[in-house]
Amino acid sequence: MEKARRISNASRRGFVTGLAGMGALSALGAVPRALAAPVGSTAALGFAEVPDGTLAEQIMYALPGKVPLIKKTFRPPNFETPIEYFRTPITQNRAFFVRYHLAAIPEVKAEQWALSVGGESAERELKFTLGQLRKEFRAAQVTAVCQCSGNRRGLFEPHVPGVEWGVGAMGNAVWRGVRLKDVLAKAGIKAGALEVVFDGADRAPLEKTPDFVKSLPVEVATGDDVLIAFEMNGQPLPHWNGFPARLVVPGWTGTYWIKQLTSVRVVSKPEGNFWMKTAYRLPRGKFKTVSFKSQLAEANEPITTMVVNSLITSLRSGQRVARGKPIEVKGIAWDGGSGIDRVEISRDFGKSWQVARLGKDLGRYSFREFAGSAAAHEGGAMVIMARATSLAGETQVNELIHNPAGYHHNVIQRLYVEVV
Amino acid sequence: MRMLFTLFALALAGSVGAQEAKVTLKDGPGKEKAMQCVACHSLDYIGMNSRFMDKAGWTASVNKMINVFGAAIAKEDVDAIATYLAQQYGRTPQK
């Protein structure tokens, strides 16, 4: 086994910072590759590497209530989940990634929190406390992946500016709360309703900064699986993940999952703020995801559902494996809500593929575990790949579909192992 | 400027803030002006986005902070900040 290579993140950090970064490390030719991998290296996982400056900034750091996560930025807080936590299909709350756009994040007290529901296309204006929401509506739950639109942005070549995420700006949880459609039904939706607009308690330090406000098509917002969630994996939401209540939009990227939800407005016109009209946009027609019709522009359209993807969690690139023994290839696969049809594994750089076993089906929005093995008959380098295909018939891509904001990276992982 | 430093001091009140205080910018001409960025975000945003942007890329970033996010940075400081960022955090070292 390769136990010696399982260096704790803490000691690796000390090692890297102690030598003042990569340059010094690469000068030490004798250092084993896995030992030399800096915090949050994506090359170590069989992907393109995040920018040099990103590697230099990253440390393991524990926010209050969290385990040490890969720190991208302190303020606003952006923290990524390390690969170890994706070896189970449900991501622990204390390891769940953290992503904010604006730095003024209040500590919301459950008893002081209230949700306003209304808007020009609602019949009435309502206000709910947490207790009222729990009492007046039937509980609902869904297991769903929350993935930042820009997960894997750091792997883009050429690099694009933004939070340079590796592979861990995602997590899968059992979300429990009430259905948004039930709450909207109580407010009453008028004919001509087009979008539902969501705001949370977070703000920017400057008044002039556009508040982080997002909208959904009314037919999506009133879907059976969209929740106002209070619980995550049987516990109250962590502060950093939206306590006391957040929106859960299964299948859609994390940008729509408004944290610390305070306001829900039904409107008859497309929401026009910066975060809808300018940010979170894709060149039109580049991806086969669902279309947000009321927000289409001539050149671009909003990001919507996630693309099919997978992650091998049982191997590190550069790892040595023993000849003649099957190599365990395990991981997770997910998509934008059709569910996973199959995951295939290749051990010959994609020349041939073998279907992996799928783990328990936790629902079409959840991570789906897969497991297979690749036999290593000859010594030398071997490239191991995993490729997921969704029930909608979409498959991961061989080549990156580059786009200016760095979204929807689902390039097939290429891990190399040394057979000795 | 006083408001900027008040905000910065507030942000540093917690333990996360103490960690953030360890993030520093590289020394070089224009660093003082670039320090205005801390009004809204930690300085690791800059290092994280290096080294792959040229001066035009950094100029676009600074302008976005002013025009979209309302950063209180004087227009006449943009070139000095972008030059500093391009030199210290840019794609190719510039003389």
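Guide: Welcome! Two strands pair if DSSP finds at least two bridges between them. Please keep in mind that this is a predicted model.

Visitor: With that in hand, what is the bridge partner of L311(A) in β19(A)?
Guide: Strand β17 of chain A covers residues 309-312, and 4 bridges join β17(A) to β19(A), residues 326-334, in an antiparallel run. L311(A) belongs to β17(A). Its bridge partner in β19(A) is I332(A).

Visitor: Which residues of β17(A) are buried on the side away from N309(A) and L311(A)?
Guide: Both faces of β17(A) are covered. On one side sit N309(A) and L311(A), both buried.

Visitor: Is L415(A) buried or exposed?
Guide: L415(A) has its place in strand β25 of chain A, residues 413-419. The cut-off for burial is 20 or more other C-beta atoms within 10 Å. L415(A) has 22 such neighbours, so it counts as buried.

Visitor: What is the bridge partner of I384(A) in β25(A)?
Guide: β24(A) and β25(A) run antiparallel and are joined by 7 bridges. I384(A) is also listed among the residues that L415(A) touches, along with G46(A), I312(A), L315(A), S317(A) and V383(A). The bridge partner of I384(A) in β25(A) is L415(A).

Visitor: And what is the bridge partner of S346(A) in β24(A)?
Guide: Strand β20 of chain A, residues 340-346, is joined to β24(A), residues 380-390, by 6 bridges. These two strands run antiparallel. The partner of S346(A) is M385(A).

Visitor: How compact is chain A beside a globular protein of that length, and what is its radius of gyration?
Guide: Chain A has 8 helices and 25 strands. For its 420 residues the globule rule gives 22 Å, and the computed value is close to that, so the chain is as compact as a globular protein of that length. The radius of gyration is 22 Å.

Visitor: What share of the contacts in chain A between residues at least 6 apart in sequence join residues at least 24 apart?
Guide: The C-alpha atoms of chain A fill a box of roughly 70 × 45 × 45 Å along the principal axes, and buried residues make up 50% of the chain. Of the contacts between residues at least 6 apart in sequence, those joining residues at least 24 apart make up 68%.

Visitor: How many residues does the largest nonpolar core have?
Guide: Nonpolar side chains tend to be buried together in soluble globular proteins. Among the residues with the most contacts inside this core are L227(A), I228(A) and I384(A). I228(A), for one, touches residues including L133(A), V178(A), L247(A) and L261(A). The size of the largest core is 104 residues.

Visitor: How many residues are in the second, separate core?
Guide: This core includes L102(A) from chain A. It also includes A39(B), L43(B) and F52(B) from chain B. Its size is 23 residues.

Visitor: Which element gives the largest share of the side of chain B that touches chain A?
Guide: Here 25 residues of chain B are in contact with 24 residues of chain A. The elements of chain B giving two or more residues to that side are α1, α2, α4 and α5. The residues of that side divide into 13 nonpolar, 9 polar and 3 charged. The largest share, 4 residues, comes from α4(B).

Visitor: How far apart are the end C-alpha atoms of helix α6 of chain B?
Guide: Helix α6(B) has 12 residues, 78-89, and at 1.5 Å a residue they should span 16 Å. The distance between its end C-alpha atoms agrees with that, at 15 Å.

Note on methods
Residues are numbered from 1 along each chain as its sequence is written. Chains are lettered from A and ligands numbered from 1 in the order in which they are written. This is a predicted model: local features need pLDDT of at least 70, side-chain atom pairs count only at pLDDT 80 or more; totals for chains, interfaces and linings use all residues. A residue is buried if 20 or more other C-beta atoms lie within 10 Å of its own, exposed if 12 or fewer, and partly exposed in between; C-beta atoms are placed from the backbone. Two residues are in contact if their C-beta atoms, placed from the backbone, lie within 7 Å. The radius of gyration is taken over C-alpha atoms; the globule rule is 2.2 Å times the number of residues to the power 0.38. A nonpolar core is a set of buried Ala, Val, Leu, Ile, Met, Phe, Trp, Tyr and Cys residues joined through C-beta atoms within 7 Å. The expected span of a helix is 1.5 Å times one less than its number of residues. Ala, Val, Leu, Ile, Met, Phe, Trp, Tyr, Cys and Pro count as nonpolar, Asp, Glu, Lys and Arg as charged, and the others, Gly among them, as polar. Lists of a residue's contacts leave out its neighbours within four places in sequence.
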